[in-house]
Amino acid sequence: DPVVKELVRIANQKLGEDLEPYTMGGGTYARKLKRAVAYGPTVPGFRSKFGTDRGDAHQPDEYAEIKNLETAVDIYVEAIKRVDILLKEKK
């Protein structure tokens, strides 16, 4: 899908990575919405300051570093602008 390709391109550009899209077995809102994708703030290589068994996503002690949240917001803003353009072009 052109939207998924654009989302991956934006994330790679902002993160300086060469990531590939993937699917997972966990349940997300994306399964319930037409043409939805889960596009989250996970940062490649992130290591919890509390060790491997604490601070991870969906845990009681989950946390995020401010610099990673700022990067996520930067990616989201660009992604929203580009997806808006792509969807308008399809009309």
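This is a predicted model: local features need pLDDT of at least 70, side-chain atom pairs count only at pLDDT 80 or more; totals for chains, interfaces and linings use all residues.
Two packed helices are described by the angle between their axes and the distance between the axes. Helix α1 spans residues 2-15, and helix α2 spans residues 66-90. Their axes come within 10 Å. The crossing angle is roughly 150°. Angles over 145 degrees count as roughly antiparallel, so α1 is roughly antiparallel to α2. The crossing of α1 past α2 is right-handed.

The contact draws on residues from both helices. On the α1 side, Pro-2, Val-3, Glu-6, Leu-7, Arg-9, Ile-10, Ala-11, Lys-14 and Leu-15 take part. Their partners in α2 are Thr-71, Asp-74, Ile-75, Glu-78, Ala-79, Arg-82, Val-83, Leu-86 and Leu-87. By class, this contact has eleven nonpolar, one polar and six charged residues.

In soluble globular proteins, nonpolar side chains tend to be buried together. Here, the largest nonpolar core has seven residues. These are Val-3, Leu-7, Ile-10, Ile-75, Ala-79, Val-83 and Leu-86. Both α1 and α2 supply at least two residues each to this core. Helix α2 gives the most, with four residues. Leu-86, a member of the core, touches Pro-2, Val-3 and Glu-6, not counting residues up to four places away in sequence.

Glu-89 also lies in helix α2. Its relative accessibility is 58%, so Glu-89 counts as exposed; the cut-off for exposed is over 50%. Asp-53 is 36 residues from Glu-89 along the chain. The C-alpha atoms of Glu-89 and Asp-53 are separated by 45 Å.

Notes. Residues are numbered from 1 along each chain as its sequence is written. Side-chain values use heavy atoms; hydrogens and water are left out. Axes are lines fitted to C-alpha atoms, for helices over the stretch in contact, and angles run from 0 to 180 degrees between N-to-C directions. Angles under 35 degrees count as roughly parallel, over 145 as roughly antiparallel, 65 to 115 as roughly perpendicular and the rest as oblique. A crossing is left-handed if the near helix is turned anticlockwise from the far one by less than a right angle, and right-handed if clockwise. Contact means heavy atoms within 4.5 Å. Ala, Val, Leu, Ile, Met, Phe, Trp, Tyr, Cys and Pro count as nonpolar, Asp, Glu, Lys and Arg as charged, and the others, Gly among them, as polar. A nonpolar core is a set of buried Ala, Val, Leu, Ile, Met, Phe, Trp, Tyr and Cys residues joined through side-chain atoms within 4.5 Å. Buried means under 20% relative accessible area, exposed over 50%, partly exposed in between (1.4 Å probe, protein chains only).
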